[in-house]
Amino acid sequence: MIWRRFLLTGLIFFNIFLLYNLIWSDNGIFAYLELKSRHEQLKQRLETVNEHSLDLSQEIRWLKTDRAFTEKMARSQMNYLKENEILYQFPKDKPQAKETEGGRADGQ
């Protein structure tokens with residue numbers, strides 16, 4: 001009879017230990033949910049990178065085969081001009097208002 005109580009007590013402690021490891025250990029449920037979330041993030045990032053890679057591959061093919069596309073890219077990115085063309089470049093930031101001679105803009 002006593003050995004059954006020891007066995008039952010031992011099995012209860014063993015089950016508590018297994019439950020603890022199932023939930024809170026490094027390989028438990030919470031770790032699994034975190035890894036699953038990280039996996040989804042990496043999967044989305046991989047999709048984005050693959051799409052960008054396809055775009056770049058297509059652009060490389062166009063640059064190698066399409067002369068008009070090559071000219072367009074050179075003109076837009078390197079500011080190349082054809083003969084008799086004028087290039088106007090405008091500053092991206094608005095210039096700051098200059099102060100008047102008195103040191104203040106309101107003239108005092």
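Which residue takes a positive phi just after helix 3? In this predicted model, the residue is Asn79, whose phi is about 60°.

**View 1. Helix 3 and its length.** Helix 3 runs over residues 67-78, and because its twelve residues at 1.5 Å a residue should span 16 Å, the distance of 16 Å between its end C-alpha atoms agrees with that expectation.

View 2. Three residues of helix 3, namely Phe69, Met73 and Ala74, are buried. They cover an arc of only 135° around the axis, which means that they lie on the same side of helix 3. An α-helix has 3.6 residues a turn, so residues three or four places apart point the same way. Helix 2 (29-65) is among the elements that cover the buried residues of helix 3, whereas the face turned away from the buried side carries Arg67, Ala68, Lys72 and Ser76, which are exposed.

**View 3. The N-terminal cap of helix 3.** Asp66 caps the N-terminal end of helix 3, with one of its side-chain oxygens 3.3 Å from the backbone nitrogen of Ala68.

View 4. Most residues other than glycine have a negative phi. Asn84 is exposed, its relative accessible area being 82%, where a residue counts as exposed over 50%.

Notes:
Residues numbered from 1 in each chain as written. Predicted model: local features only at pLDDT ≥ 70, side-chain atom pairs only at ≥ 80, totals over all residues. Heavy atoms only, no water. Helix = DSSP H or I, 4+ residues; strand = E, 2+ residues; numbered from the N terminus. Expected span 1.5 Å × (residues − 1). Buried < 20%, exposed > 50% of the residue type's maximum accessible area, 1.4 Å probe, protein only. Arc of directions from axis to C-beta. Contact = heavy atoms within 4.5 Å. Polar contact = N/O pair within 3.5 Å; in protein donor to acceptor, adjacent residues only side chain to side chain.
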